[in-house]
Amino acid sequence: MTRTARHLALFVFAACVATSSSAWARPLDPSTADRDAQQALTDGRYTFCKHPPTPLPPRAQSLCAIAREIPDCEGLVRACEGPKDDPSSWSFPSWLRAAFEFLATIGVWLLVAAIVALLAIPIVQGLLRARRDRNVADTKPPVGGDDAKEETAPLPDLLSATDAERLLRHAEELRAQGKLDRALFTFLHAALRALDDRGAIRIERHRTNGEYVRSCREDAARRGLRELVRDVDRVRFGGAPPDDASVARARERAVALVRVAVAVILAITLTGCTSAKRYLSGADPSENALFVDLLKRQGADVGTLGSSLATLKAPEPGKPSPIVVVDVERVPLADETREHLARWVEKGGTLVLAGDPASWPKDLGGAKAAKAASREIHAIEVVTEAVDDDAEEEREDLVVVDEPGILARPSALEWPVKKADVYGRFDDGKLYAGLLRHGEGKVLGVANDDLFTNAGLARPGNPRALMRILANLHGTEFKVARDVDGVIPPSNPLSALVEAGLGKALAHSPFAITLLFFAAGARFGRPRRAAPPARRAFAEHVEATGALYARTKVAAHALRTYARYAEGLLRAQMPRGTADIAGFIAARASLPLEECTRVWKRATESLSGAPPLGDELHALKDLSRVVGLATRRGRVPEASARPVDRPHVETPIQ
């Protein structure tokens, strides 16, 4: 073979290796699984046996049944014996659930009201600010032309400026232009913006520089900020002229306060994220970090999806696709995600589902949860053997390898036996793990996730059992779903709010905003002159007084008042020396003397304070009639004075 041919062969070989690395990975080896799991536990990363979280999370409490079967795991045993936070140990009253739902509804409406207020308040403030600015605006042009306008231009607004580095660059430009006072103020603005970005202060329009210094939460930054504020206040309020030395000091302090933000954020990110990762992957017995490590030590290519399960692309024909592992007890699946997973498997995908079958896609066989009599399982691996070393064809007979294991929970599956291949079973024959072919793909269903957790794999024998089950898939590339991969990623903020359950609130908010606009926005319209109040007739006051008397049931008071008024009116018209009021009424009204005497006697009884008799309204009506006839007699001709059908005013007392 020539040199060129050898180079070409090496190039083709390297390209094949680069494009198909998974094809050269060695298959899973269950015989070494226990050793690999033990080596992973002894590397110091896993602390769930020594220092588990206390109290144990609910998912970790379900693994306490095998805590004593794990070697050197006294910490987990003590945590299991300690106080537990088990939400299933007490019943949730229905009335309390209804109260929570009602409060949640009220909270949604309060949120809608807060959103409307947040939209309306800036508009109102803007309108008020514009009106105030118009009132105090100075229409005189500034003295000095364009140069004066440039000198009096406002400083950068702290509430609108969002980049401390940009403020620093602007301050440098002002310093280079010789505008030292403006450069000094801008250096202070840059420092305050940097402190606000990392939560040391809170920028508000009403706060002074001294308040920023006193409220600064960073002890290391408070001293530099105080010195910077002192230089700025000396120029701005003390009238001292700025010089190069003070501006240089301000620049040095501002740069120190701004540039330290990057180091602080980086340190928080590195330390915070690292500690969280160590807690989640190593300290929690219910996490799956040991499962990932075990696959890697078995020679598998393990990774994460990098996106949602709802966006999995269909496998390409003729190319091996990765095995997707989904623990439904850790990864909650949305309805759309379940439907997409079923279609993905139908097009040729390989899926491992572990956990409660009620959370699985409904189209994948219709599995149901069951309960076994014991916690011991038998993992089954089906192995094919060749006739001899030189044979190219495999035997028709299959070799079944049985591997025992112990679970924490006796969870089983109910799948159609004719459709599912049994790869894990209990002693009573119930199914623990089975393979179902769906379309062009296949699904490996596992009744629970005990063998995928840190505590489950720490028990000797369980790693071999899990690898026996997974070896039936004949794949070496795995993608493990994360906790957030079961949710559909929102395409826009509106869909995110709808997924959060605020769709109805969003539908109602336009109507609420419209009502608020017409209710509050009308006040900002052009004022109209109010119509003058209409005059009231005297008769309405009389009717109102009568209605008041009727409501308070003071007919005796009404008769007494009218009798006093009638006595004064009649005595004013009687001749001198006359004292007989009844005779005067009879003469003037042309009425019988007996009738006038009776009516006036009843009126005088009311004036003397006699107790009510119940006929006050009738007596008032008779007195009003006779007094009306008597008082009108002198103002009309004698011939027209008729004692009947003469109009008179009566108080409507009922």
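The largest cavity in this structure is lined by Ala556, Leu559, Arg560, Arg602, Ser606, Ala610, Pro611, Pro612 and Glu616. Keep in mind as you look around that this is a predicted model. The volume of this largest cavity is about 50 Å³, and a search through the whole structure turns up 3 cavities of 30 Å³ or more.

Helix 19 gives the largest share, with 3 residues. Sorted by class, the lining of the largest cavity holds 5 nonpolar residues, 1 polar residue and 3 charged residues.

| Feature of the pair | Helix 20 with helix 22 |
|---|---|
| Residue ranges | helix 20: 581-589; helix 22: 616-632 |
| Packing angle | about 65° |
| Distance between axes | 8 Å |
| Handedness of the crossing | left-handed |

Spanning residues 289-297, helix 12 is mostly covered, with 7 of its 9 residues buried. The buried set is made up of Ala289, Leu290, Phe291, Val292, Asp293, Leu294 and Leu295, so a charged residue, Asp293, sits among the buried ones. Just after helix 12, glycine 299 adopts a positive phi of about 95°.

Alanine 310 lies in the loop between strand 1 (301-304) and strand 2 (323-327). Is alanine 310 buried or exposed? Its relative accessible area is 18%, and because buried means under 20%, alanine 310 counts as buried. Leaving aside residues up to four places away in sequence, alanine 310 touches Thr337, His340 and Ile488. Glutamate 336 is 26 residues from alanine 310 along the chain, and the C-alpha atoms of the two are separated by 7.0 Å.

Key:
Residues numbered from 1 in each chain as written. Predicted model: local features only at pLDDT ≥ 70, side-chain atom pairs only at ≥ 80, totals over all residues. Heavy atoms only, no water. Buried < 20%, exposed > 50% of the residue type's maximum accessible area, 1.4 Å probe, protein only. Helix = DSSP H or I, 4+ residues; strand = E, 2+ residues; numbered from the N terminus. 1 Å grid on protein atoms, 1.4 Å probe; cavity = no way out; pocket = protein on both sides within 12 Å on 5 of 7 lines; lining within 4 Å. Points joined across faces, edges and corners; volume = space filled by probe spheres on them. Axes fitted to C-alpha atoms, helices over the stretch in contact; angles between N-to-C directions. Left-handed = near helix turned anticlockwise from the far one by under 90°. Contact = heavy atoms within 4.5 Å.
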